[in-house]
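Subject: Structure handover

Hello,

I am passing a structure on to you, with notes on what was found in it. Please look at the sequence and the model first, then read on.

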Amino acid sequence: MAIPLCGTARPDVLRCAGSEIRRELARLKAHSGDVRDVVFAPNGELIASAGVDGRVNIWQTSSAKPLQALSHVGEVYDIEFAPDSATIAVAADSGVWLWAC
């Protein structure tokens with residue numbers, strides 16, 4: 001099974017590629033500034049990114065369809081999915097938040 005890899009070539013674009021075949025799978029318009037963190041949900045069905053623009057974006061992995069855009073005051077530094085993939089924890093300037101996915 002190929003494990004997707006994600007990174008940023010530009011501050012506002014998130015690019016994902018399959019690790020076995022090294023081809024781009026998706027290019028996601030992510031943020032208006034630098035991307036701070038990118039995580040996959042444990043179930044593999046969601047991907048999330050956090051940025052200095054105070055946004056957390058969540059997409060469906062299989063289709064790259066945007067599902068949620070969460071806004072915070074100030075920068076978002078870190079994100080992490082719960083083991084059941086139903087909740088995401090967000091560490092931002094404004095505090096620590098838990099969101100349903």
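The notes below go from the whole chain to single residues.

Please keep in mind that this is a predicted model.

Overall make-up

The protein chain has 10 strands and 0 helices. Read from the N terminus, its elements run β-β-β-β-β-β-β-β-β-β. Of the 101 residues, 34% are buried. The chain exposes about 5700 Å², and carbon and sulfur atoms supply 54% of that area. Among contacts with a separation of 6 or more, 25% are between residues 24 or more positions apart.

Strand pairing

As background, strands of a sheet pair through backbone hydrogen bonds, either parallel or antiparallel. Here, an open sheet of 3 strands has the order 8-9-10, and its pairing is antiparallel. Its edge strands are strand 8 (76-81) and strand 10 (95-100), each of which pairs on one side only. From one strand to the next, the twist averages 20°. Strand 8 is joined to strand 9 (residues 87-92) by 5 bridges.

Arg55 stands opposite Ser71 in strand 7.

In soluble globular proteins, nonpolar side chains tend to be buried together. The largest nonpolar core in this model has 14 residues, and Val56, Ile79 and Ile88 touch the most other members. Strand 5 (46-51), strand 6 (55-60), strand 8 and strand 9 are the elements that give two or more residues to this core. A second, separate core has 6 residues, including Ala26, Leu28, Val35 and Trp59.

Leaving aside residues up to four places away in sequence, Ile88 touches Ala48, Val56, Ile58, Leu70, Ile79, Glu80, Phe81, Trp97, Leu98, Trp99 and Cys101.

Salt bridge

How many salt bridges does the count come to? The count comes to 1. In this salt bridge, the side chains of Glu75 and Arg36 meet at 2.4 Å, N to O. The pair links distant parts of the chain, with Glu75 in the loop between strand 7 (66-71) and strand 8, and Arg36 in strand 4, 39 residues apart. Glu75 counts as partly exposed because its relative accessible area of 24% lies between the 20% and 50% cut-offs. Arg36 is also partly exposed, at 43% relative accessibility.

A loop residue

Ser32 is in the loop between strand 3 (24-29) and strand 4 (35-40). Is Ser32 buried or exposed? Ser32 is exposed, because its relative accessible area is 67% and the cut-off for exposed is over 50%. Ser32 and Arg55 are 23 residues apart in sequence, and their C-alpha atoms are 9.0 Å apart in space.

Those are the notes for the handover.

Regards

Key: Residues are numbered from 1 along each chain as its sequence is written. This is a predicted model: local features need pLDDT of at least 70, side-chain atom pairs count only at pLDDT 80 or more; totals for chains, interfaces and linings use all residues. Side-chain values use heavy atoms; hydrogens and water are left out. Two strands pair if DSSP finds at least two bridges between them. Helices (H or I, at least four residues) and strands (E, at least two) are DSSP runs, numbered from the N terminus. Axes are lines fitted to C-alpha atoms, for helices over the stretch in contact, and angles run from 0 to 180 degrees between N-to-C directions. Buried means under 20% relative accessible area, exposed over 50%, partly exposed in between (1.4 Å probe, protein chains only). A salt bridge is a side-chain nitrogen of Lys or Arg within 4 Å of a carboxyl oxygen of Asp or Glu. Contact means heavy atoms within 4.5 Å. Accessible areas come from the Shrake-Rupley method with a 1.4 Å probe; for residues, only the protein chains shown count as cover. A nonpolar core is a set of buried Ala, Val, Leu, Ile, Met, Phe, Trp, Tyr and Cys residues joined through side-chain atoms within 4.5 Å.
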